[in-house]
Amino acid sequence: MIKHIAILAAALVLSSAQAITIDDVLTQVKQNNTQLKAAGARLDADQKSLKSSNNLPDPEVGGAYLFGKGPLDDKWEIGISQQVEWPGVYSARSNAADALISALQHGYSAEQLEVLNQARSLCIDIVGDDNLIQVNQGVLNNLNRLFDTYNKALAHGEVSIIDVNKLKIERLLMQQKIDEATSLRTAAVEQLKGINGGIHIAGAEYLSTYAPLPLLPLEHHLTQARS
């Protein structure tokens with residue numbers, strides 16, 4: 001009995017360690033998705049380019065040789081010049097650069113949201129497939145027990161071979177449903193790996209629950225639609 005309890009406790013610990021949430025998955029996707037990495041690098045480069053475009057130009061240095069040997073030795077004339085535009089131009093450029101940077105940031109946010117929505121959709125598919133597997137497995141377990149009962153009843157002439165064969169077909173069909181759901185879950189996990197930059201998300205196949213979205217009042221949705 002103690003041995004069984006120890007095994008069960010170990011299994012529960014292992015299950016807890018493997019279990020992850022959808023938010024955990026999305027956090028990893030943000031860090032590892034190659035599309036978002038490239039978009040983030042472009043955003044950073046564009047922001048730096050826009051900010052530097054409004055700086056004063058580098059000063060120009062010029063010089064000329066005046067005269068040569070003599071009591072005063074060689075003499076040179078050196079001048080430094082820098083073009084300065086009207087201050088209003090810099091203010092207008094700064095405002096324009098800020099607007100462009102804001103647009104670029106919104107574009108990146110939209111791209112990130114699209115990627116994360118794809119990942120979230122796959123997570124929900126995994127949860128649905130896993131729940132379907134569990135439900136169908138429960139049905140199959142009942143059919144297996146019923147099949148054993150029918151076989152015993154057949155031996156005593158209480159049921160016919162037709163009844164047993166019908167039950168056998170139901171078992172096969174239920175196993176087929178389990179296999180199909182398992183294949184779909186495996187495919188979704190692989191797609192999630194692709195979105196995660198080719199890195200497998202440990203525990204993704206153990207997603208079994210997800211937090212429901214809060215039920216917001218109608219006014220909230222109307223405000224969102226108007227904005």
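Which residues have the most contacts inside the largest nonpolar core?

**View 1. The largest nonpolar core.** V25, V29, L192, I201 and L207 have the most contacts inside this core, which has 20 residues. Helices α2 (22-32), α4 (87-155) and α5 (161-195) each supply at least two of its residues. Helix α4 gives the most, with seven. A nonpolar core is a set of buried Ala, Val, Leu, Ile, Met, Phe, Trp, Tyr and Cys residues joined through side-chain atoms within 4.5 Å. Buried means under 20% relative accessible area (1.4 Å probe, protein chains only).

The model is predicted: local features need pLDDT of at least 70, side-chain atom pairs count only at pLDDT 80 or more, and totals for chains, interfaces and linings use all residues. Numbering starts from 1 along each chain as its sequence is written, and side-chain values use heavy atoms, without hydrogens or water.

**View 2. Surroundings of I201.** Leaving out residues up to four places away in sequence, I201 touches I20, V25, Q28, V29, L192 and N196. Contact means heavy atoms within 4.5 Å.

**View 3. A second, separate core.** This core has nine residues, including I133, L143, V164 and A181.

View 4. Helices are DSSP runs (H or I, at least four residues), numbered from the N terminus. Where pLDDT is low, predicted coordinates should not be read in detail.

How values were computed
Buried means under 20% relative accessible area, exposed over 50%, partly exposed in between (1.4 Å probe, protein chains only).
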